[in-house]
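User: I'd like to go through the labels on this model and check each one against its cut-off. Can you take me through them?

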Amino acid sequence: MSNIVADAFLGGRLRIRQPVTGYRAGSDPVFLAASVPASPGDSVLDLGTGAGTALLCLMARVPDLAVTGIDCNPDHVSLARDNLGLNRLAGTIVEADIACLPGSVTSRRFDHVMFNPPYFDRRTGSASPEPARETSRSGETGTEAWIDAGLRRARPGGTLTFIQRIEHLPRMLAGVGTRLGGIRVLPMQPRRARPAKLFILQGRTGSKGRFRLLPPIILHEGDRHHPDGGDRTEAANAILRDAAALALDG
């Protein structure tokens, strides 16, 4: 691929190569990775891994993970593999559609499954003129298929974690149904006086735990946007710069 730039993540701990134009990972996969309760030695599956940002951020925080990333875009797969090498990390990146996973993946169960599914519903929005960005934003596979694939690959007692736009919360909860227990939902507010735009949902397969709506995480101080990110809250900075965990289990 041409027109690739290496961006710094986690205060410079990671260098992640991404396209100059089209879809570019920002803070969302960093927050997603921070919320996965992985321990050294655990196995992790990342559906729709893109350039591998969430996987690499999780590996930077938790050592000795056995990670697998899945993406249907061959350019993304190549970037994810390059980014593992660039950061001297080891993992497996597989080119596949989540609706048709290969036997090397379906024969396994994972301690943790995470994904950052497409945010935009093409029934209500307009398409991006760039094919790669359009696939990352809307995709051709419904979010219910992402949930189903994730639940099938999580081991009994394993976690499923994903981030999504807040307006999709009712549909995502319906998709999870009773197949996931101990569900935690964390709203993500851009500022205290503004409504949440995103949420992180996490639960465990086979759990009988109750549903909990957690207090929101506030990402920025004040009422105005600062382009350099200098107005981030202490909690947001701890995750984005210092690779802190974002615990959803209390």
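Analyst: Here come the ground rules, then the labels one by one. This is a predicted model, where local features need pLDDT of at least 70, side-chain atom pairs count only at pLDDT 80 or more, and totals for chains, interfaces and linings use all residues. Residues are numbered from 1 along each chain as its sequence is written, and side-chain values use heavy atoms, with hydrogens and water left out.

User: Why is the pair of phenylalanine 115 and phenylalanine 162 called stacked?

Analyst: Rings of Phe, Tyr and Trp (its six-membered ring) pair if their centres lie within 6.5 Å; planes under 30 degrees apart count as stacked, over 60 as edge-to-face and the rest as tilted. Here the centres are 4.9 Å apart and the planes sit at 15°, so the pair is stacked.

User: And what makes the pair of phenylalanine 115 and tryptophan 146 tilted?

Analyst: The centres are 5.8 Å apart, with 45° between the planes, so by the cut-offs the pair is tilted. Phenylalanine 115 is in strand E6 (residues 110–115) and tryptophan 146 in helix H6 (residues 143–153), so this pair ties together parts 31 residues apart in sequence. Helices (H or I, at least four residues) and strands (E, at least two) are DSSP runs, numbered from the N terminus. Ring pairs also link Phe115, Trp146, Phe162 and Phe199 into a cluster.

User: What is aspartate 46 doing without a salt bridge, and how do you know that there is none?

Analyst: A salt bridge needs a side-chain nitrogen of Lys or Arg within 4 Å of a carboxyl oxygen of Asp or Glu. For aspartate 46, the nearest side chain of opposite charge, arginine 61, is 13 Å away, so there is no salt bridge. Lys and Arg count as positive and Asp and Glu as negative, while His and the chain ends are not counted. Aspartate 46 is in strand E3 (residues 43–47), and it is buried (under 20% relative accessible area; exposed is over 50%, partly exposed in between, with a 1.4 Å probe and protein chains only).

User: What makes the set around Phe31 and Leu58 a nonpolar core?

Analyst: The term means buried Ala, Val, Leu, Ile, Met, Phe, Trp, Tyr and Cys residues joined through side-chain atoms within 4.5 Å. The largest such core has 42 residues, and Phe31, Leu58 and Met114 are among those with the most contacts inside it. Its largest share, six residues, comes from H2. A second, separate core of 26 residues includes Leu101, Val105, Val113 and Phe162.
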